[in-house]
Amino acid sequence: MKFCKDCGGVLNLFGNNTSLLCSSCIQHKKTLLSKEPEPGQEAETDVADLLGETVITYENGKIILRSKEGWLLWSAAGETQTELKTVLKTAKFIYEIRKKRKKKS
């Protein structure tokens, strides 16, 4: 006798079921996959939206990243080397904090 890998329900009570999951678990997984974006897809979209409205400038020897609202999201000395993913992660983090604070006030 075989049992479902997820819920433990009986798979082959009558006939030969070669699947590892029962039909309700398969349907549940299909429902979850259709609702949720792929891992990392949502984060990439958020960063892309943030970048589309962000301004980068060079002022007084510093590289400055500002949001469309004028919020300072990231800055560093002009000679500093920083990985882009680090800059984007920091900018997104700061943007989310400022956005939450704005909603509260």
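## Burial and overall architecture

Of the 105 residues in the protein chain, 18% are buried. The model is a predicted one. A residue is placed in the buried class when its relative accessible area is under 20%, and in the exposed class when that area is over 50%.

The protein chain contains three helices and three strands. Read from the N terminus, the order of these elements is α-α-β-β-β-α. Helix α3 spans residues 84-104, while the strands β2 and β3 cover residues 62-66 and 72-77. Strand β1 comprises residues 55-59.

## The three-stranded sheet

The three strands are arranged as an open sheet in the order β1-β2-β3, with antiparallel pairing. Because β1 and β3 stand at the edges and each has a single partner strand, one side of each is left without a neighbour in the sheet. On average, and with direction ignored, neighbouring strands of this sheet are turned by 20° against each other. In general, the strands of a sheet pair through backbone hydrogen bonds.

Five bridges connect β1 and β2 in the antiparallel sense. Within this pairing, Tyr-58 has Ile-63 of β2 as its bridge partner, and Ile-56 is positioned opposite Leu-65 in β2. The antiparallel strands β2 and β3 are likewise joined by five bridges; here Lys-62 has Ala-77 of β3 as its bridge partner.

## Hairpins and turn residues

The hairpin of β1 and β2 has two residues between the strands. Asn-60, which lies in the loop between β1 and β2, adopts a positive phi of about 50° although it is not a glycine. Its relative accessibility is 82%, so Asn-60 counts as exposed, the cut-off for that class being over 50%.

In the hairpin formed by β2 and β3, five residues lie between the strands. Gly-70 in this turn has a positive phi of about 95°.

How many aromatic pairs does a search of the whole structure find? The search finds one. Trp-71 and Tyr-95 make up this pair, with 5.6 Å centre to centre and 50° between the planes, an arrangement classed as tilted. The pair links distant parts of the chain, since Trp-71 belongs to the loop between β2 and β3 and Tyr-95 to helix α3, 24 residues apart. Are these two residues, Trp-71 and Tyr-95, buried or exposed? Both Trp-71 and Tyr-95 are buried.

Leu-72 is located in strand β3. The C-alpha atoms of Leu-72 and Ile-94 are separated by 8.4 Å, although these residues are 22 residues apart along the chain. Leu-72 has a relative accessible area of 33% and is therefore partly exposed, a value between the limits of 20% and 50%.

## The largest pocket

The largest pocket holds about 170 Å³ of space. Its lining consists of 14 residues, and those nearest the centre of the pocket are Ile-56, Ile-63, Trp-74, Leu-84 and Val-87.

Which elements give two or more residues to the lining of the largest pocket? They are β1, β2 and α3. Helix α3 gives the most, with three residues. Classified by residue type, the lining of the largest pocket has nine nonpolar, four polar and one charged residues.

Notes:
Residues numbered from 1 in each chain as written. Predicted model: local features only at pLDDT ≥ 70, side-chain atom pairs only at ≥ 80, totals over all residues. Heavy atoms only, no water. Phe/Tyr/Trp six-rings, centres within 6.5 Å; stacked < 30°, edge-to-face > 60°. Helix = DSSP H or I, 4+ residues; strand = E, 2+ residues; numbered from the N terminus. Buried < 20%, exposed > 50% of the residue type's maximum accessible area, 1.4 Å probe, protein only. 1 Å grid on protein atoms, 1.4 Å probe; cavity = no way out; pocket = protein on both sides within 12 Å on 5 of 7 lines; lining within 4 Å. Points joined across faces, edges and corners; volume = space filled by probe spheres on them. Nonpolar A, V, L, I, M, F, W, Y, C, P; charged D, E, K, R; others polar. Pairing = 2+ DSSP bridges. Axes fitted to C-alpha atoms, helices over the stretch in contact; angles between N-to-C directions.
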